[in-house]
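Biologist: Could you walk me through this structure? I have not looked at it before.

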Amino acid sequence: MEGSSFSWSSRRLGGFKLENEYLNFLLTRRSIRKFKPDPISKEVILKILDVARYAPSARNAQPWIFIVITDEKVKNELASVHSWASPLKNAPLGIVIACNKDLSPHSYQVDCANVTMYVMLAAHALGLGSVWLQTLRNVSEIQKILNLPENYVPVSMLAIGYPDEKPTPRPRKNLNEITFKDRFNEPFI
Ligand SMILES: Cc1cc2nc3c(=O)[nH]c(=O)nc-3n(C[C@H](O)[C@H](O)[C@H](O)COP(=O)(O)O)c2cc1C
């Protein structure tokens, strides 16, 4: 595993400044788990969600809803559903992304994963940090906290805020371990 593919990618992709800016934007996103206490304005929250709703979904079903969490009690309840959800405690904002599984029975999880990444990237574009917190092992507990009907599955929840840490990139697998040509296990690189 490489510590970071960042410099490697920059070298390989060099030449096109604009293109590099977009790619560097993707490469500079990190999961952020420590946040400044500064609140996030409703205008900024709406800007993020307004962009995120352009995420692709199967048959353009858009089976997602966004639940914006600012209430401390609700935030703390969600932060306690499992030990890795604790970043929500010190985040000024939480967003739960729930999907109507009746609208997209086969694809609701991938649709909601797509929109979750759009939320994270839109937040990153506005200088905010976020971390995706696992929900799928705690579905009924989260549904209860949020009064969600049974057909709305919380596929992700995000802790969001202005970053108060600068984590180094998490390691990634080498490209040649995960990239094949034409058939499984036939090397491309
Ligand atoms: C489906 C999913 C579930 C995750 N669950 C948690 C979680 O419960 N708590 C947490 O702190 N991070 C969680 N993460 C964040 C990952 O740990 C993180 O994305 C990974 O270590 C790579 O780091 P990076 O996002 O900084 O590149 C989750 C990420 C995904 C995509």
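Biologist: What should I know before I start reading residue numbers?
Modeller: This is a predicted model, in which local features need pLDDT of at least 70 and side-chain atom pairs count only at pLDDT 80 or more, while totals for chains, interfaces and linings use all residues. Residues are numbered from 1 along each chain as its sequence is written.

Biologist: OK, how many helices and strands does the chain have?
Modeller: The chain has 7 helices and 4 strands, where helices (H or I, at least four residues) and strands (E, at least two) are DSSP runs numbered from the N terminus. Their pattern along the sequence is α-α-α-β-α-β-α-β-α-β-α.

Biologist: And in what order do the strands sit in the sheet?
Modeller: The 4 strands form an open sheet in the order β1-β2-β4-β3, with antiparallel pairing; two strands count as paired if DSSP finds at least two bridges between them.

Biologist: Which ones are at the edges?
Modeller: Those are β1 (64-69) and β3 (129-133), and because each has a single partner strand, one side of each is left without a neighbour in the sheet.

Biologist: What about β2 and β4?
Modeller: Strand β2 (residues 93-100) pairs with strand β4 (residues 152-161) in the antiparallel sense over 8 bridges, and Gly94 has Ala159 in β4 as its bridge partner.

Biologist: Switching topic, which residues are around the ligand?
Modeller: They are Arg30, Ser31, Arg33, Trp84, Ala85, Pro87, Val131, Trp132, Leu133, Gln134 and Arg170, a residue being listed if its C-beta atom, placed from the backbone, lies within 6 Å of the ligand.

Biologist: Now Leu26, where is its place, and is it buried or exposed?
Modeller: Leu26 belongs to helix α2 (residues 17-27), and Leu26 is exposed because it has 10 other C-beta atoms within 10 Å. With C-beta atoms placed from the backbone, a residue is buried if 20 or more others lie within 10 Å of its own, exposed if 12 or fewer, and partly exposed in between.

Biologist: How far is Leu26 from Val115?
Modeller: Leu26 and Val115 are 89 residues apart in sequence, and in space they are 16 Å apart, C-alpha to C-alpha.

Biologist: Last one, what share of the chain is buried?
Modeller: Of the 189 residues in the chain, 28% are buried, and the C-alpha trace spans about 50 × 40 × 30 Å along its principal axes.
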